[in-house]
Amino acid sequence: MMKTTAVVIGAGHAGLAMSRRLTERSIDHVVLERGEVANSWRTQRWPSLRLLTPNWLTRLPGYDYAGDDPDGYLPAGSLVDVLARYARFAGAPVRAATTVHAVRTAPGGFEIQANDDMLHARAVVLATGACARPAIPAIAGAFPPSITALTPVTYRDPGQLPGGGVLVVGASATGVQLAGEIHRSGRPVTLAVGEHVRLPRRYRGRDVFWWLHATGVLAERYDQVDDLTRARHLPSPQLTGSPQAATTDLNALTAQGVRIVGRLGRVSNGLAQFSGSLANTCSLADLKMNRFLARADEWATARGLDGELPPPHRFAPTRVDPRSPLELDLSGGEITTVLWATGFRPDHSWLDIPVRDRAGHIRHDGGVVTGAPGLYVLGLPVLRTRASTYIHGAATDSEALADHLCSFLSSERRWQGIRSPRLPARWLPRPSDPATAR
Amino acid sequence: MTITDRPVDNGVNVQALLDARDALSAAPQAAQFTWRASCTWRNGTHSQSTVAGFTGLGTEQQHRTTYEFDVDHPECFASEDNGATPVEFVLVGLVGCLTAGVAAVAQHRSIQLRSVTATIEGAMNILGILGADPEVRNGFEAITVRFAIDADASREDLEALIAQSQKRSAVFDVVTNPTNVLVELA
């Protein structure tokens with residue numbers, strides 16, 4: 001059995017960032033990757049996908065974006081190239097085509113069953129991401145089999161869909177992007193909208209991520225957030241990384257001709273039923289956006305930036321058709337495809353250690369898994385800050401967790417059976433200095 | 001800005017609700033409530049319903065007193081108008097739930113309410129319930145609620161108040177989303 005000090009599972013941006021940190025700290029490790037580096041970006045995303053974040057935010061340990069389009073948005077394919085180069089630059093010890101089948105505790109740490117081999121490690125970092133599987137609601141089973149069913153993982157482009165109407169369920173980033181793309185292909189789209197996060201792509205001449213970064217929203221720590229459970233379940237904002245930096249909110253989709261309906265409730269007698277609460281759902285999203293814009297304006301004024309920025313303004317409220325349909329006949333032939341843009345879940349099904357809560361989520365304190373000393377997780381939403389879900393946030397998180405892992409290794413040598421230490425304050429992320437932002 | 005800063009009091013014990021949320025999250029069985037009413041037919045379209053007890057927090061509970069409701073239809077329906085119609089009870093339920101929510105959220109957000117009134121209207125085409133037109137539904141075509149709130153808060157704050165009230169309203173959910181209803185014979 002191979003023995004190493006640390007095993008990192010997943011060679012995406014989070015796993016590679018952690019690998020670089022471990023190398024910097026001279027901790028011997030391997031990175032296990034079921035495919036090739038950046039596998040999910042390669043094989044589980046649709047070709048027209050671009051990052052939500054502008055290129056200047058593509059930061060990894062020892063690497064900053066140096067291309068000629070800092071305000072653009074990297075296509076998924078380009079990110080794959082970036083990560084492949086980064087893996088070489090970082091000298092990451094990646095074992096590709098290696099599938100982890102089980103991770104268990106063992107004397108001195110953990111046993112990892114990968115392909116047909118067993119590895120032993122004193123520490124394990126789970127870096128398989130938050131989007132390993134689509135979260136498909138049980139209601140999907142009630143749709144007639146004659147309707148083609150797709151998820152964001154199986155979707156590639158509108159050409160693979162039959163002609164006819166498409167029901168897109170879910171209006172987060174994925175939902176609005178794909179609703180727009182599919183509708184433009186001549187297939188009329190109905191978009192079922194539940195709770196969502198509305199943000200403009202640009203405000204007062206800057207990308208919305210510039211504001212999120214500058215005002216400190218992205219740096220908000222998990223132990224400072226009001227309702228952490230809620231924050232970790234927020235849908236991704238309705239943003240698209242298009243070359244035109246267009247805003248892709250519900251008003252933009254309505255203007256395109258997409259039909260907006262309320263949250264999908266259930267299927268009854270072959271009829272899909274939508275909530276009548278659409279108007280309030282949209283009001284809530286508008287109010288939340290306006291609260292953020294007000295915060296951005298206050299911050300700009302306090303920093304004396306009003307002179308150099310275009311003036312503050314607000315966006316039109318989301319227009320809701322008061323007669324928006326409450327049901328759709330699924331057997332009438334109007335809908336030939338349903339796309340479940342209903343979110344993603346991580347996949348840690350091979351983790352054979354009892355570290356989950358009642359809802360099946362891994363319990364952790366800023367990425368330090370509770371109840372399993374030496375076990376860490378990266379890449380989950382609001383893991384340590386609101387930026388954790390983005391590339392630069394995972395990169396930042398990897399530093400603190402690598403420090404913790406280091407400390408764990410050296411203290412474990414002195415004290416046998418120590419319990420997972422609480423993350424000391426100095427390892428909590430420091431508030432970002434807005435002056436260094438672009 | 002007042003010289004004496006009185007604490008906001010809309011009469012809602014928000015702390016108790018927050019404590020309950022924490023306690024019940026840890027003991028989810030106790031959060032399972034069953035609300036009940038029983039109904040006795042009197043004559044024609046007139047019935048009387050009573051609400052006395054409910055199950056919750058792991059045990060049988062009783063209201064302070066037994067509440068009684070006459071339910072009937074109006075004379076233009078060839079009835080005797082011994083009480084409000086069932087659909088009017090639904091409107092009362094919805095506006096009462098939303099108004100309670102406004103008070104609770106205002107308390108939580110330290111907004112002192114001076115007065116809150118609301119009117120609620122449900123548009124209905126009765127060809128539906130008369131079975132005269134299969135394209136027409138039995139229920140409301142639309143419900144509109146109009147709140148008039150006098151409080152020390154901006155218009156945006158008050159809009160946020162009513163949005164949050166809808167977001168956490170039981171009857172709003174009952175009315176806007178599908179609910180399974182099973183009716184059986186003893």
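Predicted model: local features only at pLDDT ≥ 70, side-chain atom pairs only at ≥ 80, totals over all residues.
## Overall fold of chain A

The secondary structure of chain A consists of nine helices and 23 strands, and its C-alpha trace extends over about 70 × 60 × 40 Å along the principal axes. Because a compact globule of 438 residues would have a radius of gyration near 22 Å, the value of 23 Å for chain A agrees with that expectation.

Of the 438 residues of chain A, 46% count as buried. When contacts in chain A between residues at least 6 apart in sequence are considered, 71% of them join residues at least 24 apart.

## The largest nonpolar core

In soluble globular proteins, nonpolar side chains tend to be buried together. The largest nonpolar core here has 139 residues, and the members that touch the most others are A:Val124, A:Val125 and A:Leu378. The largest share of this core comes from α8(A), which supplies nine residues.

Leaving aside residues up to four places away in sequence, A:Val125 touches A:Ala6, A:Val8, A:Ile9 and A:Met18, together with A:Tyr376 and A:Leu378.

## Contacts between chains A and B

Between the two chains, twelve residues of chain A are in contact with ten residues of chain B. On the side of chain A that touches chain B, β16 (264-268) and α8 (278-302) of chain A each supply at least two residues, and α8(A) gives the most, with four residues. By residue class, this side of chain A divides into eight polar, three nonpolar and one charged.

Key
Residues numbered from 1 in each chain as written. Chains lettered and ligands numbered in written order. Contact = placed C-beta atoms within 7 Å. Nonpolar A, V, L, I, M, F, W, Y, C, P; charged D, E, K, R; others polar. Rg over C-alpha atoms; globule rule 2.2 N^0.38 Å. Buried ≥ 20, exposed ≤ 12 C-beta atoms within 10 Å, placed from the backbone. Core = buried A, V, L, I, M, F, W, Y, C linked by C-beta atoms within 7 Å.
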